[in-house]
Amino acid sequence: MNEATPIYLDHAATTPLAAEVVAAMHAVLADPALCANPSSVGHVAGRRAAARIARARAQIAGVVGASADQVVFTSGATESDNLAVLGVARGSAWRGRHVVSSKTEHRAVLDALDRLEREGFSVTRLDPGPLGRIEVDALADALREDTVLVSLMHVNNETGAVNEIAALGEVCRRAGVPLHVDAAQSVGKLPIDLQSLSVDLLSINAHKVNGPKGVGALVLTPAARRRIEPLLFGGGQEEGLRPGTLATHQVVGMAEALVLAEQRREREYGRLQALRLAFWEALAAAGGAWCNSPLDEHGSPWILNVSFDGVAGESLRLALEGIAVSGGSACNSASGEGSYVLRSLGRSDLLAEAALRFSFGRETDESLLARAAVEVLSALRRLRRIAPAAGDPPTVHIAGASG
Amino acid sequence: MGYTDGVRERFSRLTHAAQPEDVPDALGEAGERAHGACVQILAWQAPGGGDGRLARVRFRALGCPALLVAADLACERLEGCAPAALAAIEPLALHAELRLPVEKLGRVLLVEDAARRCLEALRAQQGN
């Protein structure tokens with residue numbers, strides 16, 4: 001057992017802070033001139049902090065093609081999702097009480113939808129199509145006269161499947177329904193330009209791209225702002241939509257991380273796409289391997305989800321204690337539920353349970369993945385040798401391919 | 001995965017796992033591969049007309065760590081015992097010794113079933 005330094009391949013869960021982010025946050029924390037409450041604009045210290053917040057807000061807005069006044073800071077993407085789903089639905093209840101989403105959303109959305117149902121809303125949860133993506137026609141068919149919100153994730157956090165938010169947004173825009181997109185797995189990784197996309201609300205965070213945990217934002221259009229109700233009350237910050245004293249160092253760290261990610265986005269995309277393909281080929285050499293992630297442009301290069309025949313997922317994960325890797329998504333791992341996403345791809349319960357989600361980041365390189373591949377292949381060989389003999393010899397399967 | 005350090009340590013070694021090429025004197029199986037949990041207990045008796053004690057006991061298994069470590073511990077305990085010990089495994093005691101999560105008791109029962117079937121196979125072979 002390797003308790004020491006695991007090979008970290010769980011960047012879809014969170015990432016280490018970038019040195020530049022640490023430096024930016026430290027600069028704020030260590031500067032007495034920035035210690036003031038940014039809401040205390042009645043004195044110079046407060047105005048200094050407010051100015052630092054304003055600069056960070058503008059930087060974050062720039063990353064997603066929005067204006068600074070569209071950015072509302074929150075505690076993270078979970079709160080942003082809650083605020084978007086609950087806030088818009090409640091604020092639009094006089095117009096209708098129907099919400100459309102998908103069965104493969106993050107629990108931050110799914111649990112908010114459950115809450116809306118208990119409040120009397122009707123929710124349509126779309127099934128994903130092949131490769132785990134939401135199909136445009138399915139969305140169009142689900143919209144009704146009384147639909148007040150559509151909430152869909154940009155990148156599936158289990159498989160990395162990328163939804164076509166441009167096309168999905170057009171469907172919503174034509175129907176006059178606001179679209180909320182959970183971009184927790186895509187901001188700083190895929191291009192997002194709210195000026196050209198028909199997206200009304202965007203949940204973002206920074207800790208998936210080497211930024212701090214505990215801070216996020218909901219970016220929303222003026223039209224969405226008119227429809228949304230706050231979840232918290234008191235203080236009036238963020239124009240009353242999300243009250244509470246802003247943590248200057250957190251906001252600054254988020255901005256630094258997102259700006260860095262955006263600067264490196266295209267280069268990282270190409271680099272990780274190549275590494276992901278090579279890693280999959282290495283794993284496929286084990287035989288009995290099922291790739292659950294789209295390997296082309298419909299999949300995020302930051303995520304590779306693989307199932308293996310002939311082993312139990314729980315044993316495989318325990319045998320891989322030298323690798324920090326997630327079984328399916330972190331939330332499914334915690335609940336012990338089989339992955340709906342993977343079963344929707346046609347994987348058996350056993351294969352869904354035996355899935356590993358490898359997710360990559362800035363620190364991931366060829367040598368690290370080579371070490372990880374050796375560990376995975378070794379664990380597979382060991383566990384398969386222990387297992388009673390199966391029937392057919394192992395083969396390799398790729399998501400979307402026939403069979 | 002709520003396993004103790006002891007379970008993790010045993011899982012990392014599994015000293016009583018059979019080799020694929022092993023051919024035992026008798027084999028008992030329980031569970032189903034299609035359901036993600038199956039275990040085989042393989043037994044060899046002492047050669048040379050001794051008292052029939054189990055000279056070597058090994059397992060094969062597909063399943064969760066609880067199944068694998070329970071089978072491993074059972075095999076370790078069975079070696080050197082009279083064949084009747086194959087039918088005397090105490091699953092509750094194994095479960096408690098390994099401090100497995102309560103929901104894993106069913107996996108230990110599979111080990112008990114496989115061992116009983118191994119004894120049946122051994123006796124059937126001797127009856128032939």
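Biologist: Into which domains is chain A divided?

Modeller: Domain bounds come from an automatic or database domain assignment. Here they give domain 1 (7-15 + 266-397) and domain 2 (19-261) of chain A. This is a predicted model: local features need pLDDT of at least 70, side-chain atom pairs count only at pLDDT 80 or more, and totals for chains, interfaces and linings use all residues. Residues are numbered from 1 along each chain as its sequence is written, chains are lettered from A, and side-chain values use heavy atoms, without hydrogens and water.

Biologist: How many residues does the contact take from domain 1 and domain 2 of chain A?

Modeller: Contact means heavy atoms within 4.5 Å. It takes 29 residues from domain 1 of chain A and 29 residues from domain 2 of chain A. Their C-alpha centres lie 29 Å apart.

Biologist: Which residues of α13(A) are buried?

Modeller: Buried means under 20% relative accessible area, exposed over 50%, partly exposed in between (1.4 Å probe, protein chains only). Helices (H or I, at least four residues) and strands (E, at least two) are DSSP runs, numbered from the N terminus. In α13(A), the buried residues are L368(A), L369(A), A372(A), A373(A), V376(A), A379(A), L380(A), L383(A) and I386(A).

Biologist: Why do they line one face of the helix?

Modeller: Take the directions from the helix axis to the C-beta atoms; the arc is theirs. The buried residues of α13(A) fall within an arc of 165°, so they line one face. On the other side, E366(A), V374(A) and R381(A) are exposed.

Biologist: Which residues cover the faces of strand β2 of chain A?

Modeller: V71(A) and F73(A) lie on one side, V72(A) and T74(A) on the other, and all are buried.
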